Amino acid sequence: MKYVIIGAGIHGLSTAYHLAKELRTRRRGSGRDILVIDKTAIGAGASGIACGVIRNNYYQPAMQELIAHSVDVWEEDAEGYGYLPVGYMQISPESMHADVADIHGRQEDIGYDSKFIEGEKDCLKYMRENVFEDWQAKNVTSILHEKKGGYAHNSKALYRLADKAEAEGVRILTGARVTGLPYNGCVTAVETSKGRIECDHVVIGAGPWANTFWDMLDLPDRIDVTDNQGNVHPDVKMWTYWSLQEGTLGVKPTYGMDNAGKMPPVIHVDTDAPLYSSEDGSLITEKMWGIYYKPDFHFKGIQGGATPNLVGKEKVSVDPYGIDSPDFIVGPDFAHTWTSALAHCQKRYEDKYYRYRKEPSGGLGAFSPDNFPIFDVVRQNCHIIADSSHGYKMIGLGNLVAKEIMGEEQHLLKPFRLDRYEKGELLPESNSPFPWS
């Protein structure tokens, strides 16, 4: 087999489809040269439980350009991918004002349509007149309203990609667990529970299982990281895990529509206003907090999340993943905080905390030292797509990786090389409470 792609999530399937097209167009082969393998099934990992938000709200220029490219890919087949281009709103306090202004400026530079509102009174007026008349969030001094982006139905997008890949001749093998990646300079084969697969090139797009394959390839568990000021931080963990905090309010999705009765933009709020319980009025936190939410017919309610929790364990078991793991599903603390935050933002949610859907929810994200993706070649012929929990929105990444496999270096991927930790070329940090912004 010429190409083996590990992982039938957003990255693996996108890479398979785009690589098949590249091979056919360049007359260098076809999709029949590509095999996608997954230990479970299509979308059984992080892609299958993702909330599906697609945004360009990044403080890092490299991330903004990369996401803009992916939004173009979402728009190529919006209906097929279940993509809803409702837009996205970053609603922020004064401590993030300058960062968000910079983000808006760069969006203007790259032609990404957005509007920037400044000042507490103007922000309140904009939200009440244009989005939700019951808006009441406090300490908001800036709003970045992205007119592009929105969210997509994860399972629909994944199966659409799978159908496109198979139409090109790609084979998808599920139920095949990878047990080894023998290498001698380059990777010579993929060993699986269903047998050994000799191959010329490997692509790993395994999301939260990045560390598993990192270990198989004998790559370092800890590295020295040089920051952007030239300071060396020795013995930094290569992969750190965060427990994702998401859930659903069990009301009809139509309950969350905007003033015009239409689907609103995805709402993301960061604020330093004190958060009080919508159940009993008690103080939950005086520290900065953040949430995101949207009406979602796929999740059958108002779906969203809050800042993730750092997993402090030295060794983290990713399996069983998602709701099958009792260790990493969200608990009553999240439900209390998130429903209270919804009430802080909109009056309509003040008495709806009891409608929180008490069902298993959650997952794990494998984060790199600077919390941003790593896209690189290791062991000479093995492409690593380690998304650092930014993955689902980057549907276009497979297009870029496919071109690099064909020998065309992609400038959009260069800032995400592994050697940035040695060179001191880390992506800049924002003032957001979320590790991925």
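**Close-up 1. Asp370 and Arg420 pair up in a salt bridge.** In this predicted model, the closest N and O atoms of Asp370 and Arg420 are 2.9 Å apart. A salt bridge here is a side-chain nitrogen of Lys or Arg within 4 Å of a carboxyl oxygen of Asp or Glu. The pair ties together distant parts of the chain, 50 residues apart: Asp370 sits in the loop between S24 and strand S25 (374-378), while Arg420 belongs to helix H11 (residues 420-423). (Helices are DSSP runs, H or I, of at least four residues, and strands are E runs of at least two, numbered from the N terminus.) Are these two partners buried or exposed? Asp370 counts as buried at 10% relative accessibility, and Arg420 is buried too, at 2%. Buried means under 20% relative accessible area, exposed means over 50%, and partly exposed lies in between (1.4 Å probe, protein chains only).

**Close-up 2. Asp134 meets Arg348.** Their side chains form a salt bridge of 2.8 Å, N to O. What does this pair link? Distant parts of the chain, 214 residues apart: Asp134 is in the loop between helix H6 (120-130) and strand S7 (142-146), and Arg348 is in the loop between helix H9 (332-345) and strand S24 (363-367). Asp134 counts as buried at 16% relative accessibility, and Arg348 does as well, at 17%.

**Close-up 3. Asp319 and Arg177 make another salt bridge.** Here the N to O distance is 3.9 Å. Asp319 lies in the loop between strand S23 (301-310) and H9, and Arg177 in the loop between strand S9 (171-174) and strand S10 (178-180), 142 residues apart. Asp319 is partly exposed at 31%, and so is Arg177, at 43%.

Close-up 4. Searching the whole structure turns up 21 salt bridges. Side chains of opposite charge can pair when their charged atoms come close.

**Close-up 5. Asp215 sits in helix H8 (residues 210-216).** With a relative accessible area of 39%, Asp215 is partly exposed.

**Reading the views.** Residues are numbered from 1 along each chain as its sequence is written, and side-chain values use heavy atoms, with hydrogens and water left out. Because the model is predicted, local features need pLDDT of at least 70 and side-chain atom pairs count only at pLDDT 80 or more, while totals for chains, interfaces and linings use all residues.
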